[in-house]
Amino acid sequence: MNEILDPLVLARWQFGLTTLYHFIFVPLTIGLSLLVAILQTVWVRTGKVKYLKLTKLFGKIFLINFAMGIVTGIVQEFQFGMNWSNYSRFVGDIFGAPLAMEGLIAFFFEATFIGLWIFGWDKLPKRLHLMTIWFTWIGTTVSAYFILAANAFMQNPQGFEINAEKGRAELLDIGAVLTNPIALSQFPHTIFAAIMFGGTVMVAVAAWHLKRNQYVDEMRTALRFGAWTNIVAFLGVGLTGHTLGMTMTQAQPMKMAAAEALYNNASGADASFSLFSLGTPDGAHEIFSVRIPYLLSFLSNGTFDGSVEGIRNLQSDYTAMYCSGPDTLLTCPSDGQFAPVIWITYWTFRWMIGLGALATLVSAVGLWITRKNKELPNWVWKVAIWTAPIPMLASLVGWTFTEMGRQPWIVFGVMTTEQGVSPGVPGWAVLTSLIVFTLVYGGLAVVEFKLIFKAAKAGLPEIEHLPGEGGDGTGEPDPQKLATVY
């Protein structure tokens, strides 16, 4: 019973569930806003109405998702004060800075231009209106960067000093926080992954209508555009992921060791990457594996003859570094273990890569079989539809790897997770809020899916007159008509 009501365990579960749920909406917002901007650009440049119709269809889906993302994102801020007050008090001076920038700069920038885009169809000149959706996408990406900069501080803290008198960390250099190597590597990796999700959602919507032989010309264009987007974005994910892996190894070598379940130092051919492995229940001994020699060395160092530190070696080093001396309360775990849960980090790393590759494979095959206008069996469209959530799942397990692989730290090398939890919050209170959040978020998930499915099922909108061309044929907007994106 004590374990069930352990405030630390419950607080971690609550933050993990609410964060991953919120992140369902974030990549789709980033990815779809870019794709909608591209579709509208093509319409403005070519004048082809089918691109305007696609812009409005996927713009509606984007707006539904954006609204849900705002609702679920608000909860994240409150959790720091409720369940993680020790953490907030200790590093809030640094961690709060990029979060404040995200809210005061990026979000208001994003919200302003999204409003202009929604209500400016018949009010603004076409090119000026086009600019608003591009600025909306810029706002979403800048917002993402500030959030990633805050997270990067937890992975690789810099730009601060410990004030021993006040017992807290204080900001020294905001530039160092915003240019953290982890943030610089993680940002493009996250953006490309988000674009993949936007691409597969576009493919799924198009496939749903093509399965029913609806809007064939427009949906075929959307399907192939989404598939090409997914493939190109996956290449970006792979290249930036390699850079992020090397940066991560330098900052948190234990995470890379755990990702391979590597217990002893290895180099060259011995620093291999296992595609699949079976081991003892504790993960310490391997029974069977399928390995690629040298690959772990390349992923970690960018060379095939590099060395990778093992879990046992790092455990010894960290024990000497963080558990020796007079003041180790914040840096030494109570159980003395510095390795994360090995099976979670091992498998989430592989699921992240495998799911992304699977979505790309489906897109590549889809491009090949749809290169000619011929009738296809229903199972082809069903596969395309069910591909939609795969990049999202890859992102979710990727973030699970990122956060679980950092354990036992809440801020690497500075504060352990167990020291960051609120000391005065009882387990039953956290459990109650966890249950409430789970039920509410479950309901919101149903609402989100139904709204997006309804919008997608409705298909392409009818265009009574082109934006910027008044209904009276004068070429001037009708000032009496309220413009919306629908």
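C323 is partly exposed, at 23% relative accessibility. Here buried means under 20% relative accessible area, exposed means over 50%, and partly exposed lies in between (1.4 Å probe, protein chains only). The model is predicted: local features need pLDDT of at least 70, side-chain atom pairs count only at pLDDT 80 or more, and totals for chains, interfaces and linings use all residues. Residues are numbered from 1 along each chain as its sequence is written, and side-chain values use heavy atoms, with hydrogens and water left out.

C323 is bonded to C332 in a disulfide, with an S to S distance of 2.1 Å. A disulfide is a pair of cysteine sulfur atoms within 2.5 Å. A search of the whole structure finds 1 disulfide. The torsion about the S-S bond of C323 and C332 is about 95 degrees, so the disulfide is right-handed.

Salt bridges were searched for next. A salt bridge is a side-chain nitrogen of Lys or Arg within 4 Å of a carboxyl oxygen of Asp or Glu. Side chains of opposite charge can pair when their charged atoms come close. The whole structure holds 6 salt bridges.

E260 takes part in a salt bridge with R291 and in another with R350. E260 lies in helix α8, which spans residues 253–260. Helices (H or I, at least four residues) and strands (E, at least two) are DSSP runs, numbered from the N terminus. E260 is buried, with a relative accessible area of 2%.

In the pair of E260 and R291, the closest N and O atoms are 2.9 Å apart. E260 belongs to helix α8 and R291 to strand β5, so this pair ties together parts that are 31 residues apart in sequence. R291 is partly exposed, with a relative accessible area of 33%.

In the pair of R350 and E260, the closest N and O atoms are 2.5 Å apart. R350 lies in helix α11 (residues 342–369) and E260 in helix α8, so this pair ties together parts that are 90 residues apart in sequence. R350 counts as buried, at 9% relative accessibility.

The side chain of E260 also makes a polar contact with the side chain of S274, at 2.8 Å. A polar contact is a pair of N or O atoms within 3.5 Å; within protein, one must be able to donate a hydrogen and the other to accept it, and residues adjacent in sequence count only if both atoms are side-chain atoms. Residues up to four places away in sequence aside, E260 touches S272, F273, S274, R291, L296, Y346 and R350. Contact means heavy atoms within 4.5 Å.

The side chains of R406 and E403 meet in a salt bridge, 2.6 Å from N to O. R406 is buried, with a relative accessible area of 4%. E403 is partly exposed, at 23%. K166, R168 and E170 are linked in a network of salt bridges.

The surface carries a nonpolar patch. L275, F276, L278, I287, F288, V290 and I292 form this patch, with about 630 Å² of accessible area together. Patches are made of residues with over 30% relative accessible area and no salt bridge; like charges are joined within 9 Å, and nonpolar side chains (Val, Leu, Ile, Met, Phe, Trp, Tyr) within 5 Å. Accessible areas come from the Shrake-Rupley method with a 1.4 Å probe, and for residues only the protein chains shown count as cover. Strands β4 (273–279) and β5 (286–292) each supply at least two residues of the patch. β5 gives the most, with 4 residues. I292 is found in strand β5. I292 is partly exposed, with a relative accessible area of 33%.

Backbone geometry was examined last. Most residues other than glycine have a negative phi, and most peptide bonds are trans. Y294 has a positive phi, near 70 degrees, and is not a glycine. Y294 sits in the loop between β5 and α9 (295–301). Y294 is partly exposed, with a relative accessible area of 38%. N213 is not a glycine either, yet its phi is positive, at about 60 degrees. N213 is in the loop between α6 (181–211) and α7 (216–251). N213 is exposed, with a relative accessible area of 61%. A cis peptide bond joins Q407 and P408, with omega about 15 degrees. P408 is placed in the loop between α13 (390–404) and β7 (409–411).
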